[in-house]
Amino acid sequence: MTSTTLDQSAGLGDWLRRRRGLLASFALLVAFPFVISIIVDGQGLAAVVNNDLGNARFLQGLAIEVFILGIYAISYDLILGVTGILSFGHAMFFAVGAYGFGILLKTFELAWPVAVLVVVIAAIIQAFLFALVLPRVHGITYALVTLGFASVFWIVIQSSDLADYAGAEIGLQGVESPAWFLDTTNERFIFYLLCLGIFFGIYVLYQRIVDSPAGRVFVAIRENEDRALMLGYNTFWFKTLVLVIASITAALAGMIHTMHQPIVTPNVAGLFWTVTALLVILIGGMGTITGALIGAAVYRLLEYYLDRWFGGASGLLIGAAYVLLVLYVPFGIVGTWRARAVRIKQGRDRLLRLFTGGDDGRTPARE
Amino acid sequence: MSVILEAKDLRREFGALVAVDDVNVQIEEGTLHSIIGPNGAGKTTFFNLVSGTLRPTAGRVFYKGEDITDLPVHKTIHRGIGRSFQITNIFPFLTVHENVRLACQALGKDSFRLLRSHRKYRQYLDRTDEVLGQVGLTDKALQVAATLPHGDQRKLELGMILAPDPEVLMLDEPTAGMAAEQVPELMNLVQSIQETGDKTVVLVEHNMNVVMSVSDRITVMHQGALLAEGTPAEISADERVQTAYLGELYDSAAEEGTS
């Protein structure tokens, strides 16, 4: 009976078949710069590689922003959607990466691998800070405490005392690209591929994590933390692990952001940036991992095009879109899709039983 | 026979109320030991103290001669004490299989592994199938736990306690809320687990008939204190028990009859 939950024999062909959706979307996104170059600019394929582009270059940049937002949102989905920890301080996870990487490169002139290492260590320390209050406060109180952490960071980062480092309200600017492949201005296509690779790498990694023994415990904590504790899981360490993973991931998104944007503004530490992560996973489907990526694309494109077409009224329209979404697609795009897939499967099974002389008692066979 | 679990002068106060009043109980290895008493006798509080979910005001709990009074909840299970709750406590939105599998996984040392699929850890899957067979839920393995009827949820919970193969099973009213005709089925299950696995079972029950037929020893609690202890025959012959427990029941039964 339970053998249906086991996975079937592995093999390259089988692996490719199971991953066909992922591989297809990867191939599409690799082809994306070439396609838009032809459509938007009417230029050849060589123009993409040589970075000799017009509007298509901007669209590549927009795609990179989607990747950054996707990596950032996926880490929030692990915390909130998978494990059920309500944190409102997630922007700080991102901002520590963004500001930390920029300051280390610009002011301290560290080599980029060293800077990455320092940021990762900072992210881990930060995760432990967030974990420290876990046993003391729960639910909405935890959300408020983490919001407090992030607010303190937000205020400190734009203080005039740190203006030499972080650039006060204006933000951090003038961070030079430390390596040729991190240069979004001159090597846009290479940088695009790098971000795409990281984006898919993180996605596959997160899928594995959720499916792993530890990932199952994360889900158990979301479902019934007391029971998980009674089963013998020290839930505190599992939640700490979640925060560490998410913190490093969000910091990674922040570092890419610093490389991609000319200015890192204090907004990336603000409450709205946390709310953005929340909206993205609400759009995509909470706890689905895939939803964070789809949500990121929908959110960023919606935001950009509504702003372009409607200007000042765009905020109102985005708000209206969310209200409609929460009302009619409450489980997000991926969540709703999966529920629909289950219903279709149930319907198909019932039909099959009907024709094969079903014996489940509910649908008597017709002679 | 040796004592496996011992409560020594166990006391718990909630404000002015003394819920458990200096109770001494010794539970012998391999027996089915029941704790009974009228409502408010302190059975569940006593139970929570022994299993580590509540801290006593005074007194100690010993497991195989070791002091386990201050052991955190998640560690008692690793020592070999499994407990169930009066209120069904499962993962409602996970499948029956996953509920039990999580219980099996807790036993091993793989729970912090992050990169391999949980389906690759065969030992837990095999153990899950074994446990599901034992509690008779094999056919319902892929159902979402919340959709099970109440009786099956109680069985599932029993399975989750059985999964790590504990030496001591502590069951707090396992038949609570069950239909009368389902009760013997579950009690037979408990008894067969105790006998075939040579386990120690500590049972808190309200249902007197059930307790009398399956127990090796019975402890009677009344108003937080220990009233009597002995074999089922001794208990049913005990006058104090009759007046305090049975008497009360008979009185209320008589009242119901006259009203």
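Mentor: A definition to begin with: two residues are in contact if their C-beta atoms, placed from the backbone, lie within 7 Å. This is a predicted model, in which local features need pLDDT of at least 70 and side-chain atom pairs count only at pLDDT 80 or more, while totals for chains, interfaces and linings use all residues. Residues are numbered from 1 along each chain as its sequence is written, and chains are lettered from A and ligands numbered from 1 in the order in which they are written.

Trainee: Which element gives the largest share of the side of chain A that touches chain B?
Mentor: On this interface, 24 residues of chain A are in contact with 35 residues of chain B. Helices (H or I, at least four residues) and strands (E, at least two) are DSSP runs, numbered from the N terminus. Two elements of chain A give two or more residues to this side, helix H9 (188–211) and helix H10 (213–230). The largest share, 10 residues, comes from H10(A).

Trainee: How many charged residues does that side of chain A have?
Mentor: Ala, Val, Leu, Ile, Met, Phe, Trp, Tyr, Cys and Pro count as nonpolar, Asp, Glu, Lys and Arg as charged, and the others, Gly among them, as polar. By these classes the side of chain A that touches chain B has 11 nonpolar and seven polar residues, and the charged ones number six.

Trainee: Which strands are at the edges of the six-stranded sheet in chain B?
Mentor: Two strands pair if DSSP finds at least two bridges between them. The six strands form an open sheet with mixed pairing, in the order E6-E7-E8-E3-E9-E10. Inside it, strand E3 (residues 32–36) and strand E8 (residues 200–204) of chain B pair in the parallel sense over four bridges, and Ser34(B) stands opposite Leu203(B) in E8(B). Pairing on one side only, the edge strands are E6 (81–83) and E10 (225–230) of chain B.

Trainee: What angle does the direction of helix H1 of chain B make with that of E7(B)?
Mentor: Axes are lines fitted to C-alpha atoms, for helices over the stretch in contact, and angles run from 0 to 180 degrees between N-to-C directions. Helix H1 (residues 43–51) of chain B packs on the six-stranded sheet, touching E3, E6, strand E7 (168–172), E8 and strand E9 (217–222). H1(B) also lies across E1, E2 and E4 of chain B, at about 120 degrees to E1(B). With E7(B), the angle is about 150 degrees.

Trainee: Which residue in the turn between E4(B) and E5(B) has a positive phi?
Mentor: These strands belong to an open antiparallel sheet of four, in the order E2-E1-E4-E5 of chain B. E4(B) and strand E5 (residues 66–67) of chain B pair in the antiparallel sense over two bridges, with Tyr63(B) opposite Glu66(B) and Phe62(B) opposite Asp67(B). They form a hairpin with two residues between them, and the residue with a positive phi, about 50 degrees, is Lys64(B).

Trainee: How far apart are the centres of the two domains of chain B?
Mentor: Domain bounds come from an automatic or database domain assignment, which gives domain 1 (1–80 + 167–259) and domain 2 (91–165) of chain B. The contact takes 10 residues from domain 1 and 10 residues from domain 2. Taken over C-alpha atoms, the centres are separated by 27 Å.

Trainee: Why does Asp238(B) count as partly exposed?
Mentor: Asp238(B) lies in the loop between helix H8 (232–237) and helix H9 (239–258) of chain B. Asp238(B) counts as partly exposed because its C-beta neighbours inside 10 Å number 19.

How values were computed: Buried ≥ 20, exposed ≤ 12 C-beta atoms within 10 Å, placed from the backbone.
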